[in-house]
Amino acid sequence: MSKKFSGVWGTFEYLDELTSAIKAVRQKGIEPTVLSPCPRHEIDHALGDRQSRLPFISLCAGALGCLTGYSFTAWTAADWVLPVGGKPIIAIPPFTIIGFELTILFTALFTLMGVVLLATVDTLKNPLPSSVKKYVRFQRDRFGIVIPCESAKLNDFQVLLNNHGAEEVHVENE
């Protein structure tokens, strides 16, 4: 079940007009969604430094995998004691291989699950209007900005996009 979109979206031919519009929208406290035919670092700079939760998820998964690897091997060695030549039953060096392998395995799996989960949550949290998804010029030669806002601010953002050189401005209140 998707959330209904209320907001303004516009198209830009030039990158500098788009980045100035992004900065103006961010000054009003709104985080816009930007569509681009190719990755541009100017857009990233205009959007600011957003911190993703994915590195934290990967770090926690790696620590969990390392802990699981050492704990599992220590538990099995203590449960099925096999004394060999007076060596300690629980020894760290032979357990490091299992700990390392589970660190890598848990990090990879949880990072993949984190990417899928965060992308799904972001898509549900910031829906795009269906008309934006059908606008194919975002895949070829135009930049787009989608501004979710309340009905009372629709006219303000429409004027803002027009003042920053938008080619087309669409107001949607689904």
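Predicted model: local features only at pLDDT ≥ 70, side-chain atom pairs only at ≥ 80, totals over all residues.

**Entry 1: the nonpolar patch**

I looked up the surface first. Leu64, Leu105, Leu109, Phe110 and Met113 make a nonpolar patch of about 440 Å². Which helix gives the most to the patch? I found that helix α4, residues 92-125, does, with four residues. Leucine 64 is found in helix α3, residues 54-79. I checked its cover too: leucine 64 counts as partly exposed because its relative accessibility is 40%, and that class runs between 20% and 50%.

**Entry 2: the aromatic pairs**

Next I asked how many aromatic pairs the structure holds. There are six. In one of them, tryptophan 9 and tyrosine 135 have ring centres 5.5 Å apart and planes at 70°, so I noted the pair as edge-to-face. This pair links distant parts of the chain, 126 residues apart: tryptophan 9 sits in strand β1 (residues 6-12), and tyrosine 135 in the loop between α5 (130-134) and β3 (143-148).

Tyrosine 135 also pairs with phenylalanine 138; those ring centres are 4.8 Å apart and the planes are at 50°, so this pair is tilted. Put together, ring pairs link Trp9, Tyr135 and Phe138 into a cluster.

**Entry 3: buried or exposed?**

Last, I looked up the cover on the cluster. Tryptophan 9 has 2% relative accessibility, so it counts as buried. Phenylalanine 138 is buried as well, at 6%, and tyrosine 135 counts as buried at 15%.

Conventions:
Residues numbered from 1 in each chain as written. Heavy atoms only, no water. Patch = residues over 30% accessible without salt bridge, like charges linked within 9 Å, V, L, I, M, F, W, Y side chains within 5 Å. Areas by Shrake-Rupley, 256 points an atom, 1.4 Å probe, with all protein chains shown as cover. Salt bridge = Lys/Arg side-chain N within 4 Å of Asp/Glu carboxyl O. Helix = DSSP H or I, 4+ residues; strand = E, 2+ residues; numbered from the N terminus. Buried < 20%, exposed > 50% of the residue type's maximum accessible area, 1.4 Å probe, protein only. Phe/Tyr/Trp six-rings, centres within 6.5 Å; stacked < 30°, edge-to-face > 60°.
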